[in-house]
Amino acid sequence: MKRRSLILGASTIALSQLASGCTGQQASLKVRLLQNSIPVQLLGEFRKTLKSRATLNFDPEKQLSALFKLLTTLKEQGKSNNNQGRSLLDLIRIRSRTPISPDLVTLGDYWLKSAIEQKLIQPLKIETLSGWKELPPEYQKLVKRGDQTGQLDNSGKVWGAPYRWGATVIAYRRDKFKALGWTPTDWSDLWRESLRDRISVLDHPREVIGLTLKNLGLSYNQQDLNQVKDLKPALRQLAKQVKFYSSDHYLKPLVLGDTWVAVGWSTDILALRTRDRQIEAVVPQSGTALWSDVWVKPVSVSSASDSSESNSGSDLSKEWIQFCWQSKSAKQISLLTNAASPILVNMPRNTLPQDIQSNHLLLPEAAILNKCEFLHPLPESTQKEYQSLWKEMRST
């Protein structure tokens with residue numbers, strides 16, 4: 001809550017400063033972002049780069065699920081705002097209930113397929129930005145999707161602007177492993193007998209079945225799971241190791257010592273390590289799953305916002321995206337949000353701040369990073385196989 005207040009306070013100050021002494025319409029940028037995904041310092045820095053006065057409104061939200069719901073709400077309200085046959089009083093009531101549509105919203109790459117399929121977002125025209133050319137190819141590929149299906153498409157339009165990323169990692173308690181004489185380094189360690197009933201994992205079939213596939217030397221995005229003969233036995237054995245499944249509270253049993261190992265997201269675990277010195281973590285040597293937070297444009301933003309009107313948010317949206325991709329901004333995002341900017345991936349490691357160079361959980365070595373994968377959309381038939389395997393594993 002404190003972090004949320006800090007961001008909201010900074011936004012209010014920026015608005016009052018920029019609005020004073022202005023007459024007539026001025027440019028504005030409205031952003032709904034994931035809480036803690038942008039350092040508050042960047043808002044002031046961005047304001048200094050603007051050539052003319054503008055109002056900036058950055059409103060944080062705690063969960064990506066809430067941001068996806070916002071996109072759904074905006075689309076539904078856009079449909080209900082059809083003005084034909086409505087009285088003036090009706091229109092006033094509708095507008096009073098309708099939230100102001102943001103120009104940009106944070107979304108996780110995993111949500112892109114659904115957002116495109118449900119027509120909640122529209123393409124971004126950002127390929128001409130210099131920062132786009134600095135993105136590693138895998139990040140460009142991640143956000144190029146087909147108009148109808150949301151599937152990866154190298155010739156598709158760009159539906160998101162990646163601005164930070166993280167990984168699925170293994171966290172463990174130093175005190176518990178001191179007596180064992182070893183520490184986890186890869187997924188295979190999760191199957192060791194000494195960890196029976198000692199592991200907490202995410203309640204997420206793509207993550208858990210995916211890491212099992214990775215341990216078998218296959219891809220997180222493997223299709224036709226029924227052809228992987230060793231998969232079911234491996235999942236049955238892993239189920240005996242797992243004590244707790246949760247995507248929200250998987251770290252609690254680790255902190256309490258009820259489990260010795262937790263498989264989870266690097267942002268959560270990096271934050272925990274600053275509070276609990278007993279917690280250590282590692283990126284598995286054989287590679288892991290990656291995720292990215294991206295800027296998306298709601299379908300509710302009028303197509304007129306792509307015009308050259310002075311009060312349009314389109315140009316400011318592009319300026320903000322480009323600003324996030326600048327080297328200085330990328331380093332600040334990486335230092336202050338427990339997630340790395342994709343811009344850093346191609347930068348020589350020895351040119352980065354020492355706190356980033358030494359943090360292999362935040363930015364793994366290239367040898368490991370090259371083995372990592374984003375979770376791509378899967379065919380419906382494969383999704384059903386995942387659900388079947390997951391149900392079987394959870395009932396073991």
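These questions and answers go through how several labels apply to a predicted model.

User: Why is Cys-324 called buried?

Analyst: Cys-324 has a relative accessible area of 1%. Buried means under 20%, so Cys-324 falls in that class.

User: What makes Cys-372 count as buried?

Analyst: The relative accessibility of Cys-372 is 13%. That value is under the 20% limit, so Cys-372 is buried.

User: Why is Ser-327 called partly exposed?

Analyst: Ser-327 has a relative accessible area of 33%. Buried is under 20% and exposed is over 50%. The value for Ser-327 lies in between, so the residue is partly exposed.

User: Where does Ser-327 lie, and which residues of that helix are buried?

Analyst: Ser-327 is in helix α14, which covers residues 327-336. The buried residues of α14 are Ser-329, Ala-330, Gln-332, Ile-333 and Ser-334. Asn-338 follows α14 and has a positive phi, near 60°.

User: How far apart are Ser-327 and Gly-131 in sequence and in space?

Analyst: In sequence, 196 residues separate Ser-327 and Gly-131. From C-alpha to C-alpha, Ser-327 and Gly-131 are 9.3 Å apart in space.

User: What makes strand β1 mostly covered?

Analyst: β1 spans residues 27-34, and seven of its eight residues are buried. Each of those seven is therefore under 20% relative accessible area.

User: How do you know that β1 and β2 pair?

Analyst: Two strands pair if there are at least two bridges between them. Eight bridges join β1 to β2 (residues 54-61), so the two strands pair. The strands run parallel. As one example, Lys-30 has Asn-57 in β2 as its bridge partner. Between β1 and β2 the chain passes through helix α2 (residues 40-49), in a β-α-β crossover that is right-handed.

User: What makes β1 and β3 a pair?

Analyst: β1 and β3 (residues 104-108) share two bridges. At least two are required, so β1 and β3 meet the criterion. Their pairing is in the parallel sense. Opposite Arg-32 stands Val-105 in β3.

User: Which residues line the second largest cavity, and how do they divide by class?

Analyst: Its lining consists of Lys-232, Leu-235, Arg-236, Leu-389, Glu-392, Met-393 and Thr-396. Three of the lining residues are nonpolar, one is polar and three are charged. Leu and Met count as nonpolar, while Lys, Arg and Glu count as charged. Helices α10 (231-241) and α17 (380-394) each supply at least two residues of this lining.

User: What is the volume of the largest pocket, and which residues lie nearest its centre?

Analyst: The largest pocket has about 1400 Å³ of space. It is lined by 34 residues, and nearest its centre lie Lys-62, Gln-63, Trp-265, Thr-267 and Asp-268. Two or more lining residues come from each of α3 (64-80), α12 (266-273) and β12 (289-298). β12 gives the most, with four residues. By class, the lining of the largest pocket has twelve nonpolar, twelve polar and ten charged residues.

Terms used:
Residues are numbered from 1 along each chain as its sequence is written. This is a predicted model: local features need pLDDT of at least 70, side-chain atom pairs count only at pLDDT 80 or more; totals for chains, interfaces and linings use all residues. Side-chain values use heavy atoms; hydrogens and water are left out. Buried means under 20% relative accessible area, exposed over 50%, partly exposed in between (1.4 Å probe, protein chains only). A crossover is right-handed if, with the strands pointing away from the viewer, the path from the first strand over the helix to the second runs clockwise. On a 1 Å grid over the protein atoms alone, a cavity is a set of points where a 1.4 Å probe fits but cannot get out, and a pocket is an open set with protein on both sides within 12 Å along at least five of seven lines; lining residues have an atom within 4 Å of a point. Grid points are joined across faces, edges and corners, and a volume is the space filled by probe spheres set on the points.
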